[in-house]
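User: I would like a close look at one part of this protein, with its surroundings described residue by residue. Please keep to what can be read from the model.

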Amino acid sequence: MDAAELLKRQKEYFASGATKSVDFRIHQLKTLKELLKEHEQEFVDAVYQDFKKPELETYATELGVLHDEINLVLKKLNKWVMPRKKKQTLISFPSYNYTVAEPYGSVLIIAPWNYPIQLALMPLIGAIAAGNTAVIKPSELTPNTSAVLNRVLGKWFKPELVAVEEGEVEKANALLSQNFDYIFFTGSPRVGKIVMEAAAKHLTPFTLELGGKSPCIVDETADLEKAARRIAWGKGLNAGQTCVAPDYLLVHESVQDELLQGLKEAFQEFYGDDPFKSPDYARIVNKDHFERLCSYLKDGQIYYGGQFDESELYISPTILTDISEGAKIMEEEIFGPLLPVITFKEMDEVIRTVKSKPKPLSLYIFTKNSATEGRVIEECSFGSGAVNDVVIQLSNPHLPFGGVGQSGIGSYRGKHSFDTFSHTKSIMKKYFWLDIPFRYPPYKGKLKWI
Ligand code: NAD
(Lines give C-alpha, C1' and ligand atoms only; values in the text may rest on other atoms or scores of the structure.)
Protein backbone atom coordinates (compact mmCIF):
# COMPACT_ATOMS: atom_id res chain seq x y z
CA MET A 1 0.00 0.00 0.00
CA ASP A 2 1.14 3.54 -0.69
CA ALA A 3 2.69 5.12 2.47
CA ALA A 4 0.29 8.08 2.48
CA GLU A 5 -2.77 5.86 2.07
CA LEU A 6 -1.60 3.48 4.80
CA LEU A 7 -1.01 6.29 7.27
CA LYS A 8 -4.38 7.85 6.40
CA ARG A 9 -6.11 4.55 7.21
CA GLN A 10 -4.18 4.17 10.46
CA LYS A 11 -4.97 7.74 11.51
CA GLU A 12 -8.67 7.23 10.77
CA TYR A 13 -8.65 4.02 12.79
CA PHE A 14 -6.86 5.71 15.67
CA ALA A 15 -9.29 8.64 15.53
CA SER A 16 -12.18 6.18 15.88
CA GLY A 17 -10.91 5.55 19.44
CA ALA A 18 -10.76 1.78 18.86
CA THR A 19 -7.18 1.41 20.14
CA LYS A 20 -7.73 3.27 23.39
CA SER A 21 -9.49 0.80 25.65
CA VAL A 22 -7.24 -1.28 27.87
CA ASP A 23 -9.16 -4.43 26.97
CA PHE A 24 -8.43 -3.82 23.30
CA ARG A 25 -4.70 -3.35 23.96
CA ILE A 26 -4.54 -6.48 26.08
CA HIS A 27 -6.34 -8.45 23.40
CA GLN A 28 -3.83 -7.28 20.75
CA LEU A 29 -0.86 -8.14 22.96
CA LYS A 30 -2.29 -11.61 23.54
CA THR A 31 -2.68 -11.92 19.77
CA LEU A 32 0.98 -11.01 19.35
CA LYS A 33 1.96 -13.61 21.92
CA GLU A 34 -0.13 -16.24 20.21
CA LEU A 35 1.24 -15.55 16.75
CA LEU A 36 4.81 -15.71 18.06
CA LYS A 37 4.06 -19.15 19.47
CA GLU A 38 2.19 -20.39 16.42
CA HIS A 39 4.82 -19.25 13.89
CA GLU A 40 7.86 -19.86 16.13
CA GLN A 41 9.53 -22.31 13.78
CA GLU A 42 9.03 -20.06 10.75
CA PHE A 43 10.76 -17.21 12.60
CA VAL A 44 13.62 -19.44 13.73
CA ASP A 45 14.11 -20.81 10.21
CA ALA A 46 13.97 -17.36 8.62
CA VAL A 47 16.69 -15.90 10.84
CA TYR A 48 18.78 -19.01 10.22
CA GLN A 49 18.42 -18.51 6.47
CA ASP A 50 19.40 -14.87 6.82
CA PHE A 51 22.69 -15.35 8.68
CA LYS A 52 22.77 -18.82 10.18
CA LYS A 53 21.76 -17.58 13.59
CA PRO A 54 21.71 -20.59 15.92
CA GLU A 55 18.26 -21.77 16.96
CA LEU A 56 18.89 -21.40 20.69
CA GLU A 57 20.07 -17.83 20.23
CA THR A 58 16.89 -17.01 18.30
CA TYR A 59 14.75 -18.45 21.08
CA ALA A 60 16.70 -16.71 23.83
CA THR A 61 17.52 -13.34 22.29
CA GLU A 62 14.58 -12.79 19.96
CA LEU A 63 11.47 -14.77 20.92
CA GLY A 64 12.07 -15.34 24.65
CA VAL A 65 12.64 -11.69 25.46
CA LEU A 66 9.49 -10.75 23.53
CA HIS A 67 7.41 -13.20 25.56
CA ASP A 68 8.91 -11.83 28.79
CA GLU A 69 8.09 -8.29 27.74
CA ILE A 70 4.50 -9.12 26.75
CA ASN A 71 3.96 -11.01 30.02
CA LEU A 72 5.18 -8.02 32.01
CA VAL A 73 2.93 -5.61 30.12
CA LEU A 74 -0.10 -7.89 30.48
CA LYS A 75 0.49 -7.98 34.23
CA LYS A 76 1.03 -4.26 34.71
CA LEU A 77 -0.93 -2.41 32.02
CA ASN A 78 -4.04 -1.81 34.11
CA LYS A 79 -1.85 -0.03 36.66
CA TRP A 80 0.21 1.94 34.12
CA VAL A 81 -2.82 3.48 32.43
CA MET A 82 -4.21 4.90 35.67
CA PRO A 83 -4.03 8.70 36.10
CA ARG A 84 -1.23 9.68 38.52
CA LYS A 85 -1.93 12.10 41.32
CA LYS A 86 0.59 14.95 41.71
CA LYS A 87 1.19 17.36 44.58
CA GLN A 88 -0.50 20.75 44.58
CA THR A 89 1.22 24.02 45.48
CA LEU A 90 0.14 26.98 47.54
CA ILE A 91 -0.43 29.09 44.42
CA SER A 92 -2.78 26.55 42.87
CA PHE A 93 -4.66 25.84 46.11
CA PRO A 94 -7.32 24.47 46.05
CA SER A 95 -6.80 22.06 43.14
CA TYR A 96 -6.47 18.42 42.21
CA ASN A 97 -3.38 17.72 40.06
CA TYR A 98 -2.74 14.65 37.99
CA THR A 99 -1.19 13.27 34.80
CA VAL A 100 -2.77 10.98 32.23
CA ALA A 101 -0.95 8.91 29.62
CA GLU A 102 -2.39 9.27 26.14
CA PRO A 103 -1.24 7.48 22.99
CA TYR A 104 0.48 9.58 20.34
CA GLY A 105 -1.44 8.06 17.41
CA SER A 106 0.33 6.33 14.54
CA VAL A 107 3.88 5.19 15.23
CA LEU A 108 6.57 4.42 12.65
CA ILE A 109 9.05 1.72 13.74
CA ILE A 110 12.22 1.35 11.66
CA ALA A 111 14.22 -1.74 12.58
CA PRO A 112 17.78 -2.97 11.90
CA TRP A 113 18.81 -6.44 10.77
CA ASN A 114 20.91 -7.80 13.65
CA TYR A 115 18.04 -8.93 15.93
CA PRO A 116 15.45 -8.70 13.19
CA ILE A 117 12.46 -10.08 15.11
CA GLN A 118 13.16 -8.62 18.51
CA LEU A 119 13.99 -5.11 17.35
CA ALA A 120 10.91 -4.90 15.12
CA LEU A 121 8.48 -6.29 17.71
CA MET A 122 9.84 -5.02 21.05
CA PRO A 123 8.87 -1.42 20.19
CA LEU A 124 5.57 -2.71 18.80
CA ILE A 125 4.69 -4.11 22.24
CA GLY A 126 5.19 -0.66 23.76
CA ALA A 127 3.32 1.06 20.94
CA ILE A 128 0.27 -1.22 21.34
CA ALA A 129 0.40 -1.12 25.14
CA ALA A 130 0.20 2.67 25.00
CA GLY A 131 -2.76 2.53 22.57
CA ASN A 132 -1.11 3.46 19.27
CA THR A 133 -1.28 2.02 15.77
CA ALA A 134 2.06 1.07 14.16
CA VAL A 135 3.82 0.65 10.85
CA ILE A 136 6.98 -1.48 10.97
CA LYS A 137 9.74 -1.16 8.40
CA PRO A 138 12.08 -4.17 8.87
CA SER A 139 15.60 -4.25 7.47
CA GLU A 140 16.17 -5.28 3.87
CA LEU A 141 19.41 -7.06 4.93
CA THR A 142 17.43 -9.90 6.53
CA PRO A 143 14.87 -10.53 3.74
CA ASN A 144 13.66 -13.92 4.99
CA THR A 145 12.78 -12.59 8.43
CA SER A 146 11.28 -9.47 6.91
CA ALA A 147 9.03 -11.62 4.69
CA VAL A 148 7.86 -13.75 7.63
CA LEU A 149 7.12 -10.63 9.69
CA ASN A 150 5.10 -9.22 6.81
CA ARG A 151 3.17 -12.42 6.15
CA VAL A 152 2.49 -13.36 9.76
CA LEU A 153 1.61 -9.92 11.12
CA GLY A 154 -0.48 -9.31 7.97
CA LYS A 155 -2.45 -12.45 8.75
CA TRP A 156 -3.11 -11.65 12.42
CA PHE A 157 -3.52 -7.86 12.43
CA LYS A 158 -5.50 -5.52 10.23
CA PRO A 159 -3.27 -2.91 8.52
CA GLU A 160 -5.16 -0.06 10.18
CA LEU A 161 -3.64 -1.26 13.47
CA VAL A 162 -0.33 -2.94 12.60
CA ALA A 163 1.25 -3.01 9.17
CA VAL A 164 4.63 -4.24 7.96
CA GLU A 165 6.16 -2.35 5.04
CA GLU A 166 9.08 -4.23 3.54
CA GLY A 167 11.67 -2.50 1.42
CA GLU A 168 14.97 -0.75 1.07
CA VAL A 169 16.06 2.82 1.76
CA GLU A 170 13.43 4.26 -0.64
CA LYS A 171 10.68 2.62 1.38
CA ALA A 172 12.12 4.02 4.61
CA ASN A 173 12.28 7.47 3.03
CA ALA A 174 8.72 7.25 1.69
CA LEU A 175 7.52 6.42 5.21
CA LEU A 176 9.71 9.07 6.83
CA SER A 177 8.26 11.76 4.57
CA GLN A 178 4.81 11.11 6.09
CA ASN A 179 3.47 12.88 9.14
CA PHE A 180 3.59 10.04 11.71
CA ASP A 181 2.83 10.89 15.33
CA TYR A 182 5.95 9.17 16.67
CA ILE A 183 9.07 7.64 15.11
CA PHE A 184 10.99 4.85 16.81
CA PHE A 185 14.26 4.14 15.01
CA THR A 186 16.85 1.46 15.79
CA GLY A 187 20.00 1.47 13.68
CA SER A 188 23.24 3.27 12.98
CA PRO A 189 24.10 6.81 14.11
CA ARG A 190 24.51 7.73 10.40
CA VAL A 191 20.91 6.86 9.54
CA GLY A 192 19.77 8.18 12.93
CA LYS A 193 20.70 11.66 11.74
CA ILE A 194 18.59 11.19 8.58
CA VAL A 195 15.64 10.07 10.71
CA MET A 196 16.07 13.06 13.03
CA GLU A 197 16.02 15.44 10.06
CA ALA A 198 12.87 13.81 8.71
CA ALA A 199 11.23 14.03 12.14
CA ALA A 200 12.14 17.73 12.37
CA LYS A 201 10.12 18.49 9.21
CA HIS A 202 6.86 17.57 10.97
CA LEU A 203 8.13 18.20 14.54
CA THR A 204 7.48 14.52 15.18
CA PRO A 205 8.69 13.20 18.55
CA PHE A 206 11.11 10.30 18.24
CA THR A 207 13.39 7.78 19.89
CA LEU A 208 16.76 6.91 18.37
CA GLU A 209 18.29 3.61 19.48
CA LEU A 210 21.77 3.77 17.95
CA GLY A 211 25.15 2.09 18.30
CA GLY A 212 28.78 2.85 19.04
CA LYS A 213 31.92 1.42 20.52
CA SER A 214 31.11 -0.22 23.86
CA PRO A 215 34.26 -0.62 25.98
CA CYS A 216 34.90 -3.59 28.22
CA ILE A 217 37.30 -2.95 31.09
CA VAL A 218 39.05 -5.67 33.10
CA ASP A 219 41.19 -4.63 36.04
CA GLU A 220 43.77 -6.66 37.99
CA THR A 221 41.30 -7.62 40.75
CA ALA A 222 38.74 -9.31 38.48
CA ASP A 223 37.96 -13.03 38.46
CA LEU A 224 39.72 -13.60 35.14
CA GLU A 225 38.31 -17.00 34.34
CA LYS A 226 34.71 -15.86 34.69
CA ALA A 227 35.44 -12.55 32.97
CA ALA A 228 36.95 -14.40 30.00
CA ARG A 229 33.96 -16.73 29.64
CA ARG A 230 31.42 -13.92 29.88
CA ILE A 231 33.27 -11.65 27.44
CA ALA A 232 33.77 -14.50 24.95
CA TRP A 233 30.05 -15.29 25.18
CA GLY A 234 29.06 -11.64 24.59
CA LYS A 235 31.42 -11.31 21.62
CA GLY A 236 30.52 -14.67 20.07
CA LEU A 237 26.75 -14.15 20.42
CA ASN A 238 25.27 -13.36 16.98
CA ALA A 239 28.92 -13.43 15.75
CA GLY A 240 29.52 -10.12 17.50
CA GLN A 241 26.71 -8.41 15.57
CA THR A 242 25.07 -7.08 18.73
CA CYS A 243 24.69 -3.37 19.38
CA VAL A 244 25.74 -3.83 23.03
CA ALA A 245 28.51 -6.39 22.38
CA PRO A 246 31.83 -5.57 24.06
CA ASP A 247 33.47 -3.70 21.20
CA TYR A 248 37.03 -3.42 22.52
CA LEU A 249 38.84 -4.64 25.59
CA LEU A 250 40.83 -2.49 28.03
CA VAL A 251 42.80 -4.82 30.29
CA HIS A 252 45.27 -4.13 33.07
CA GLU A 253 48.74 -5.02 31.74
CA SER A 254 49.49 -7.33 34.67
CA VAL A 255 46.59 -9.67 33.78
CA GLN A 256 46.56 -9.45 29.98
CA ASP A 257 48.25 -12.82 29.38
CA GLU A 258 45.97 -14.71 31.73
CA LEU A 259 42.82 -13.03 30.40
CA LEU A 260 43.72 -13.64 26.75
CA GLN A 261 44.50 -17.28 27.48
CA GLY A 262 41.11 -17.53 29.21
CA LEU A 263 39.34 -15.93 26.25
CA LYS A 264 41.01 -18.31 23.83
CA GLU A 265 40.02 -21.32 25.92
CA ALA A 266 36.46 -20.04 26.26
CA PHE A 267 36.09 -19.58 22.47
CA GLN A 268 37.51 -23.08 21.94
CA GLU A 269 35.14 -24.55 24.50
CA PHE A 270 32.09 -22.78 23.00
CA TYR A 271 32.78 -23.29 19.29
CA GLY A 272 35.39 -26.08 19.12
CA ASP A 273 38.76 -25.98 17.37
CA ASP A 274 37.10 -24.99 14.11
CA PRO A 275 34.20 -22.55 14.74
CA PHE A 276 33.33 -22.83 11.02
CA LYS A 277 31.86 -26.24 11.80
CA SER A 278 30.05 -25.13 14.94
CA PRO A 279 26.23 -25.11 14.73
CA ASP A 280 26.31 -22.42 17.43
CA TYR A 281 28.12 -19.73 15.51
CA ALA A 282 26.36 -17.26 13.16
CA ARG A 283 27.57 -15.76 9.88
CA ILE A 284 28.19 -12.13 8.88
CA VAL A 285 25.04 -10.63 7.42
CA ASN A 286 26.34 -9.60 3.97
CA LYS A 287 29.41 -9.11 1.79
CA ASP A 288 29.85 -5.40 2.60
CA HIS A 289 30.02 -6.07 6.32
CA PHE A 290 32.22 -9.12 5.72
CA GLU A 291 34.74 -7.04 3.72
CA ARG A 292 34.65 -4.20 6.25
CA LEU A 293 35.42 -6.64 9.07
CA CYS A 294 38.20 -8.40 7.14
CA SER A 295 39.85 -5.02 6.53
CA TYR A 296 40.22 -4.62 10.33
CA LEU A 297 42.32 -7.81 10.56
CA LYS A 298 45.41 -5.87 9.52
CA ASP A 299 44.95 -3.34 12.33
CA GLY A 300 46.81 -5.48 14.90
CA GLN A 301 48.53 -8.77 15.66
CA ILE A 302 46.23 -11.77 15.51
CA TYR A 303 46.47 -13.47 18.91
CA TYR A 304 43.65 -15.93 18.23
CA GLY A 305 41.41 -16.69 15.23
CA GLY A 306 41.66 -14.55 12.12
CA GLN A 307 40.19 -17.19 9.76
CA PHE A 308 37.55 -16.21 7.22
CA ASP A 309 35.68 -17.67 4.26
CA GLU A 310 34.04 -15.29 1.82
CA SER A 311 31.74 -17.84 0.20
CA GLU A 312 30.17 -18.52 3.61
CA LEU A 313 30.54 -14.96 4.98
CA TYR A 314 32.32 -16.59 7.91
CA ILE A 315 34.79 -14.86 10.21
CA SER A 316 36.09 -16.78 13.23
CA PRO A 317 36.13 -15.26 16.72
CA THR A 318 39.31 -13.20 16.66
CA ILE A 319 41.45 -11.49 19.30
CA LEU A 320 43.77 -8.71 18.12
CA THR A 321 46.62 -7.22 20.16
CA ASP A 322 49.24 -4.50 19.46
CA ILE A 323 46.70 -2.30 17.72
CA SER A 324 48.35 0.18 15.40
CA GLU A 325 48.12 3.92 15.99
CA GLY A 326 45.02 5.49 14.37
CA ALA A 327 43.66 2.08 13.36
CA LYS A 328 40.13 2.02 11.95
CA ILE A 329 39.15 -0.81 14.27
CA MET A 330 39.44 1.65 17.15
CA GLU A 331 37.50 4.39 15.34
CA GLU A 332 34.45 2.60 13.92
CA GLU A 333 31.87 0.38 15.61
CA ILE A 334 33.15 -3.16 14.91
CA PHE A 335 29.83 -5.02 14.88
CA GLY A 336 31.47 -8.39 14.31
CA PRO A 337 33.49 -11.11 16.08
CA LEU A 338 36.78 -9.19 16.35
CA LEU A 339 38.06 -8.11 19.74
CA PRO A 340 40.91 -5.58 19.84
CA VAL A 341 42.80 -5.55 23.12
CA ILE A 342 44.51 -2.54 24.65
CA THR A 343 46.42 -2.65 27.93
CA PHE A 344 46.50 -0.02 30.66
CA LYS A 345 48.52 0.72 33.78
CA GLU A 346 46.20 3.15 35.58
CA MET A 347 42.44 3.57 35.68
CA ASP A 348 42.98 7.25 34.76
CA GLU A 349 44.13 6.15 31.31
CA VAL A 350 41.01 4.03 30.89
CA ILE A 351 38.70 6.85 31.79
CA ARG A 352 40.58 9.22 29.47
CA THR A 353 40.32 6.71 26.58
CA VAL A 354 36.58 6.15 27.09
CA LYS A 355 35.89 9.86 27.41
CA SER A 356 37.90 10.69 24.29
CA LYS A 357 35.35 8.77 22.19
CA PRO A 358 31.63 9.39 21.60
CA LYS A 359 29.43 8.27 24.50
CA PRO A 360 28.99 4.51 24.09
CA LEU A 361 25.75 2.54 24.09
CA SER A 362 27.15 0.24 26.79
CA LEU A 363 30.12 -0.07 29.11
CA TYR A 364 31.32 -3.11 31.02
CA ILE A 365 33.66 -3.19 33.99
CA PHE A 366 35.07 -6.36 35.56
CA THR A 367 36.49 -5.67 38.99
CA LYS A 368 36.23 -6.68 42.63
CA ASN A 369 37.19 -3.18 43.70
CA SER A 370 34.02 -1.25 44.52
CA ALA A 371 35.82 2.11 44.43
CA THR A 372 36.92 1.42 40.83
CA GLU A 373 33.43 0.26 39.92
CA GLY A 374 31.89 3.42 41.38
CA ARG A 375 34.44 5.69 39.75
CA VAL A 376 33.98 4.26 36.25
CA ILE A 377 30.19 4.41 36.51
CA GLU A 378 30.27 7.96 37.80
CA GLU A 379 32.89 9.41 35.47
CA CYS A 380 31.99 7.75 32.17
CA SER A 381 28.74 8.52 30.36
CA PHE A 382 27.09 5.58 28.55
CA GLY A 383 23.63 4.20 27.82
CA SER A 384 23.51 1.05 29.92
CA GLY A 385 26.06 -1.37 31.26
CA ALA A 386 26.98 -4.22 33.52
CA VAL A 387 29.48 -4.87 36.29
CA ASN A 388 31.27 -8.22 35.98
CA ASP A 389 29.23 -9.27 32.92
CA VAL A 390 28.35 -8.13 29.39
CA VAL A 391 25.14 -7.77 27.32
CA ILE A 392 23.02 -9.41 30.05
CA GLN A 393 21.50 -6.12 31.26
CA LEU A 394 19.17 -6.35 28.27
CA SER A 395 17.46 -9.40 29.70
CA ASN A 396 15.82 -7.32 32.43
CA PRO A 397 12.73 -5.44 31.16
CA HIS A 398 12.71 -3.36 34.36
CA LEU A 399 15.94 -1.64 33.24
CA PRO A 400 15.41 1.08 30.61
CA PHE A 401 17.45 0.48 27.48
CA GLY A 402 18.82 3.31 25.36
CA GLY A 403 21.87 5.32 24.46
CA VAL A 404 23.15 8.78 25.24
CA GLY A 405 24.80 11.32 22.95
CA GLN A 406 25.81 9.61 19.71
CA SER A 407 24.53 6.24 20.91
CA GLY A 408 20.94 7.39 21.07
CA ILE A 409 18.12 9.54 22.35
CA GLY A 410 15.43 8.07 24.61
CA SER A 411 14.94 4.60 26.02
CA TYR A 412 12.41 1.78 26.25
CA ARG A 413 11.51 -1.66 27.70
CA GLY A 414 8.75 -2.48 30.16
CA LYS A 415 7.19 0.55 31.81
CA HIS A 416 9.73 2.75 30.01
CA SER A 417 8.27 1.59 26.69
CA PHE A 418 4.80 2.49 27.85
CA ASP A 419 6.08 5.95 28.81
CA THR A 420 8.03 6.33 25.55
CA PHE A 421 4.96 5.67 23.42
CA SER A 422 2.65 7.82 25.57
CA HIS A 423 2.32 11.54 25.84
CA THR A 424 2.00 12.52 29.51
CA LYS A 425 -0.81 15.02 29.76
CA SER A 426 -0.82 17.25 32.87
CA ILE A 427 -4.12 18.40 34.33
CA MET A 428 -4.93 20.81 37.13
CA LYS A 429 -8.52 20.62 38.24
CA LYS A 430 -9.84 23.73 39.98
CA TYR A 431 -13.03 24.17 42.00
CA PHE A 432 -15.58 26.94 42.08
CA TRP A 433 -15.92 27.18 45.84
CA LEU A 434 -12.88 29.45 46.31
CA ASP A 435 -11.48 32.13 44.00
CA ILE A 436 -8.52 33.98 45.52
CA PRO A 437 -8.54 37.48 43.97
CA PHE A 438 -4.78 38.08 44.25
CA ARG A 439 -3.91 37.08 40.63
CA TYR A 440 -6.42 39.45 39.00
CA PRO A 441 -5.58 43.06 37.98
CA PRO A 442 -5.41 45.74 39.13
CA TYR A 443 -2.05 44.69 40.63
CA LYS A 444 -1.44 47.91 42.55
CA GLY A 445 -0.12 47.17 46.04
CA LYS A 446 0.19 43.40 45.42
CA LEU A 447 3.91 43.28 44.53
CA LYS A 448 4.96 43.40 48.16
CA TRP A 449 3.30 39.98 48.72
CA ILE A 450 5.49 38.19 46.15
P1 NAD B 1 21.09 0.98 9.53
O2 NAD B 1 21.06 2.31 10.19
O3 NAD B 1 21.91 0.82 8.32
O4 NAD B 1 19.61 0.53 9.12
C5 NAD B 1 18.52 0.56 10.03
C6 NAD B 1 17.22 0.76 9.25
O7 NAD B 1 17.28 2.02 8.59
C8 NAD B 1 16.93 -0.29 8.18
O9 NAD B 1 15.55 -0.64 8.23
C10 NAD B 1 17.27 0.41 6.88
O11 NAD B 1 16.46 0.01 5.80
C12 NAD B 1 16.98 1.87 7.21
N13 NAD B 1 17.84 2.77 6.43
C14 NAD B 1 19.10 2.51 5.98
N15 NAD B 1 19.58 3.59 5.32
C16 NAD B 1 18.61 4.53 5.36
C17 NAD B 1 18.50 5.85 4.83
N18 NAD B 1 19.50 6.40 4.12
N19 NAD B 1 17.36 6.52 5.05
C20 NAD B 1 16.36 5.97 5.76
N21 NAD B 1 16.40 4.72 6.28
C22 NAD B 1 17.50 4.01 6.07
O23 NAD B 1 21.51 -0.05 10.67
P24 NAD B 1 21.76 -1.61 10.55
O25 NAD B 1 22.99 -1.87 9.74
O26 NAD B 1 20.51 -2.31 10.17
O27 NAD B 1 22.06 -1.98 12.08
C28 NAD B 1 23.32 -1.80 12.66
C29 NAD B 1 23.39 -0.57 13.51
O30 NAD B 1 22.28 -0.51 14.40
C31 NAD B 1 24.62 -0.56 14.42
O32 NAD B 1 25.13 0.73 14.51
C33 NAD B 1 24.06 -1.01 15.76
O34 NAD B 1 24.82 -0.65 16.86
C35 NAD B 1 22.72 -0.35 15.74
N36 NAD B 1 21.80 -1.06 16.62
C37 NAD B 1 21.35 -0.41 17.72
C38 NAD B 1 20.51 -1.06 18.59
C39 NAD B 1 19.99 -0.40 19.83
O40 NAD B 1 19.03 -0.93 20.39
N41 NAD B 1 20.54 0.70 20.27
C42 NAD B 1 20.11 -2.38 18.31
C43 NAD B 1 20.58 -2.98 17.18
C44 NAD B 1 21.43 -2.32 16.32
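Leaving aside neighbours within four places in sequence, which residues is C243 in contact with?

Analyst: This is a predicted model, in which local features need pLDDT of at least 70 and side-chain atom pairs count only at pLDDT 80 or more, while totals for chains, interfaces and linings use all residues. Residues are numbered from 1 along each chain as its sequence is written.

Apart from its neighbours within four places in sequence, C243 is in contact with N114, G211 and L361; contact means that the C-beta atoms, placed from the backbone, lie within 7 Å. C243 sits in the loop between α9 (224-236) and β9 (248-252). Helices (H or I, at least four residues) and strands (E, at least two) are DSSP runs, numbered from the N terminus. C243 counts as buried because it has 29 C-beta neighbours inside 10 Å; the cut-off for buried is 20 or more other C-beta atoms within 10 Å, against 12 or fewer for exposed, with partly exposed in between.

UniProt, in an unreviewed entry, places the feature "active site" at C243 and E209. Its positions are given in the numbering used here, feature names are shortened, and annotations may be inferred rather than shown by experiment.

E209 belongs to strand β7 (residues 206-209). With 27 C-beta neighbours inside 10 Å, E209 also counts as buried. Beyond four places in sequence, the contacts of E209 are F185, T186, G402, G403 and G408.

Next, the nonpolar core. Such a core is a set of buried Ala, Val, Leu, Ile, Met, Phe, Trp, Tyr and Cys residues joined through C-beta atoms within 7 Å. The largest one here has 120 residues, and those with the most contacts inside it are V107, I109, L124, I125 and L249. Helix α5 (residues 118-129) supplies the largest share of this core, 9 residues. At least three residues of the core come from each of domain 1 (3-211 + 407-427) and domain 2 (215-395), with bounds taken from an automatic or database domain assignment. Leaving aside neighbours within four places in sequence, I125 is in contact with L29, L32, E69, I70, V73 and S417. In soluble globular proteins, nonpolar side chains tend to be buried together.

Note on methods: Two residues are in contact if their C-beta atoms, placed from the backbone, lie within 7 Å.
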